[in-house]
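Open the model in your viewer and keep the selection panel at hand.

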Amino acid sequence: MSFLSYFINGISLGSVYAIIALGYTMVYGIAKMLNFAHGDVIMVGGYVIFQLVFALGVHPFIGILIAVIACTVLGVTIERLAYRPLRMAAPLAVLITAIGVSYLLQNLALLIFTSNPKSFQSLINVPALKLADGALVISGETMVTIVVGIVIVVVLSYFIRNTKSGRAMLAVSEDKGAAQLMGVNVNGTIAFTFAIGSALAAIGSVLLCSAYPTLTPQTGAMPGIKAFVAAVFGGIGSIPGAMLGGILLGVIENLSKAYISSQMADAIVFGVLILVLLVKPTGILGKKIQEKV
Amino acid sequence: MDELAYATEKEGMMKKLRINKIIRNYTTYAVILAVYVIVNWMIQRGSISSLFQGLLIPLCIYAVLAASLNLTVGILGELSLGHAGFMCVGAFSGAFFTQVTQQIFTNGYLRFFLAILFGVFFAGVAGLLIGIPVLRLRGDYLAIVTLAFGEIIKNLVNVLYIGKDSRGLHISLKSSIDLGLEADGKVIINGAMGITGTPKDSTFFISILLLFVTVLVIQNFIHSRAGRAVMAIRDNRIAAESIGLNITKYKLLAFSISAAFAGAAGVLYAHNLATLTATGKNFGYNMSIMILVFVVLGGIGNIQGSMIAAIILTLLPELLRNVSPFVSENRMLFYALVLIFMMLFGQSPKAIQFRKKYFTLSTYLKEKPKKEV
């Protein structure tokens, strides 16, 4: 029974990773850049909710809505100011800028909110589910996280395949130049992708902070990196891949925490990344990229 | 006739370029020596405050770190965010060596020299092990994996316990009691408490010497056959591969050398402190970013520039401590801005065009219309 409970908690953690990983994988697929600041957008979302709900007493639902809007605005602003001017520059320059933005957000948060951890109470009011006479308890957070994760992936997949702006995203990720010739607004599409990714980050922050109720300026950094690992694991650029990679990673992390060593769990997660890169660099569901000269 | 004239002119230019390069290299060495002589003279005269005397060794350490990271970022063209991790490997293996061999080698200089070699070896091997899976892939992955590696090393060192008694060395990942030491045994690496009681072998002389050796090796590497191969790979991997360069070999070579020098800096760091612990502050992500800021501000690919940036950015917060406490307390914030603005104004296509149009002297002076040959 304890194995099953670790397993289900792993799926829940994995769903959070998956939601964050979606932001990475979409941006990477379209802009071909690693948005290092994505994890810190989560942190900003967490602070917005904290300030609104716990300090000002706003209704949680409105708080989450405002956090989603704030993160979306933040994501689009970052893209416009820091990434767009460098679209044609060397990849190294873009990467360094992204690290700079991530570092800037962390240190701004440090300046405003100090490094004292804020204790975050769960915003999810769902009673825990008791199975098998109380031997297996599934918390409300776990269930909500898993459901939200699945809903987001289904909606997002539908959106990308069946709407005009979704197909524009696919076109831009295939070939920017050709998409532009076909009348797709490339800059607009990339900004829209950042908006979706950042909105998802805000939802991720609600789920993350409900499951791990301490909030510091570094809160987003590690989950952000792990979510990127999940995106690579599942195949970068692929939406079902991000979900699959996230859940697998969450399960691996939780099981190694339970059965091997809690301090080594992170090392094992990154070991998985290295293994994946060695065996199948494009990830589980990734497409093989043919390099053209 | 014309062709001959062109050929001699070209040869002359090449010679001039080569001489310029040699002069530039020797200037660097001369400047390092001059700094050493002047600072020593000033210490003897007593005109350097104890605060700045304490900064001399860290300055050299940061300069070595910056120069070695520039080898990865500037020459190899890959972004490493785990440079502090290699420094950590070097620091702990070097300090461990010193502790174990304290009775064997009584000569401090010889022992320290061997400790540096030991640290360099382990950091280099760590670089090799990380590099093998990752350098075959594209840049973004390297950034993430090196970042992860830095964190893993930090976590590992914090749960590592090594003790020594008459039966030899004991290793445990749980606690110091699990080592099962004899009564006279001594715990060398004590988990999160780190290594205590390492002799303070680092001196300004040795630090300057290491800086000198670092510049010597890196400069010579860059201008060697291997270094040119590495730069060719950076500029165009496919072209480099098609003329028969072994991509993985040269990438690994440059990456390991860079890691090894970070390790050397780590050994120096470990022997400058009474207690060595692995925290987020000294071997974490922040440290790696700080070294990256030195490289970016000093100029990606410019070894001398990154060393100067390291020295300025280390001294500046100390100098500003009284003038503007806000700046020196929140230096990380400014580091972030340095990264963003250096890239936005230095690397974006529009900025480059703008600079070319208005600020390049060469457009007025050097680039006269070339004669058709």
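Which residues in α2(B) meet which residues in α7(B)? Select Gly74(B), Ile75(B) and Leu76(B) in α2(B); they meet Val230(B), Met231(B) and Arg234(B) in α7(B). Contact here means heavy atoms within 4.5 Å. The residues of this contact divide into 4 nonpolar, 1 polar and 1 charged. Ala, Val, Leu, Ile, Met, Phe, Trp, Tyr, Cys and Pro count as nonpolar, Asp, Glu, Lys and Arg as charged, and the others, Gly among them, as polar.

A note before going on. This is a predicted model: local features need pLDDT of at least 70, side-chain atom pairs count only at pLDDT 80 or more, and totals for chains, interfaces and linings use all residues. Residues are numbered from 1 along each chain as its sequence is written, chains are lettered from A and ligands numbered from 1 in the order written, and side-chain values use heavy atoms, leaving out hydrogens and water.

Now show both chains. 42 residues of chain A are in contact with 43 residues of chain B. Together the chains bury about 3800 Å², 79% of it on carbon and sulfur atoms (accessible area, 1.4 Å probe, that two parts lose on being put together, summed over both). Select Leu92(A), Ile96(A) and Tyr103(A): they supply 18% of the area that chain A buries against chain B, more than any other three residues.

Look for salt bridges across the interface: the rule finds 0 (a side-chain nitrogen of Lys or Arg within 4 Å of a carboxyl oxygen of Asp or Glu).

Conventions
Helices (H or I, at least four residues) and strands (E, at least two) are DSSP runs, numbered from the N terminus.
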